[in-house]
Amino acid sequence: MRRLLSDVRACTICSAHLPQNPRPVFQVSSKARILVAGQAPGRKVAQSGIPFDDPSGDRLRLWMGLDKDVFYDPSIVAILPMGFCYPGRGGGGDLPPRPECAATWRARLLDRLPHLQLTLAIGQYAQTWHLKQPRAQATLTETVHAWRDYWPSVVPLPHPSPRNNIWFRRNPWFEQEVLPPLQARVKALRKRTRP
């Protein structure tokens with residue numbers, strides 16, 4: 001694992017397509033029971049080098065019922081976005097994660113996480129990768145609404161970004177139906193990681 005992590009941190013495979021020098025941002029330990037699978041780090045996270053070190057992270061931790069100390073404990077939570085480096089801005093926000101990243105590293109890293117019992121698949125790119133039977137041509141809302149189809153090993157989530165506040169207002173069922181069982185599951189898995 002140590003050698004693999006060193007290789008990932010030194011990765012420059014998509015540097016020609018990035019707006020700045022590569023800076024892979026992730027968190028992993030072979031002991032982790034929970035995987036946060038997001039899209040790619042935003043500009044602020046790329047600068048800090050800390051995954052979900054932004055308002056999206058504040059909301060995600062609230063959804064999970066975790067404080068920062070637990071969320072940033074790699075023996076509990078692994079954070080592996082679909083792209084490890086900031087992809088840059090596009091017309092409607094950040095660009096999609098670079099595909100080279102997942103193709104090169106994802107399976108190799110996931111193979112070294114034998115204790116994972118819960119994956120939070122945040123956004124369409126993570127959902128396409130992690131859902132065993134993703135619904136053909138389903139919208140993100142339809143996929144998230146069908147969360148019970150993937151429970152208890154995977155929970156499809158919308159991105160917790162403040163840019164999605166309209167989505168959250170239009171879909172109050174998400175907070176009412178998905179978050180209580182999600183928090184209970186996270187709490188149970190967290191207890192199992194204590195010595």
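Trainee: Which elements each supply at least two residues of the lining of the largest pocket?

Mentor: This is a predicted model, and its largest pocket has a volume of about 860 Å³. Of the 33 residues lining that pocket, Gln39, Ser56, Asp94, His159 and Ser161 are the closest to its centre. The elements that each supply at least two lining residues are α2 (43-48), α3, β4 (93-94) and α6 (123-130).

Trainee: Why are the buried residues of α3 on the same side of the helix?

Mentor: Helix α3 spans residues 55-64, and its buried residues are Ser56, Gly57, Leu60, Arg61, Trp63 and Met64. An α-helix has 3.6 residues a turn, so residues three or four places apart point the same way.

Trainee: Which element gives the most residues to the largest nonpolar core?

Mentor: That core has 28 residues, and Val36, Leu60, Met64, Phe71, Leu120, Leu157 and Phe174 have the most contacts inside it. Among the elements giving it two or more residues are β1 (34-37), α3, β5 (118-122), β6 (154-157) and α9 (172-193). With 7 residues, the element that gives the most is α9.

Trainee: Which residues is leucine 60 in contact with, leaving aside neighbours within four places in sequence?

Mentor: Leaving aside neighbours within four places, its contacts are Val36, Phe52, Phe71, Leu120, Ile122, Leu157 and Pro160.

Trainee: Which residue of β6 stands opposite isoleucine 122?

Mentor: Strands β5 and β6 run parallel and are joined by 4 bridges. In a regular strand the side chains alternate between the two faces of the sheet. In β6, Val154 and Pro156 point one way, Val155 and Leu157 point the other way, and all are buried. The residue opposite isoleucine 122 is leucine 157.

Trainee: Is threonine 143 buried or exposed?

Mentor: Threonine 143 is in helix α7, residues 140-145. Not counting residues up to four places away in sequence, it touches Gln127, Leu131, Ala138, Tyr150 and Pro156. The cut-off for buried is under 20% relative accessible area. Threonine 143 has 7% relative accessibility, so it counts as buried.

Methods
Residues numbered from 1 in each chain as written. Predicted model: local features only at pLDDT ≥ 70, side-chain atom pairs only at ≥ 80, totals over all residues. Heavy atoms only, no water. Buried < 20%, exposed > 50% of the residue type's maximum accessible area, 1.4 Å probe, protein only. Core = buried A, V, L, I, M, F, W, Y, C linked by side-chain atoms within 4.5 Å. Contact = heavy atoms within 4.5 Å. Pairing = 2+ DSSP bridges. 1 Å grid on protein atoms, 1.4 Å probe; cavity = no way out; pocket = protein on both sides within 12 Å on 5 of 7 lines; lining within 4 Å. Points joined across faces, edges and corners; volume = space filled by probe spheres on them.
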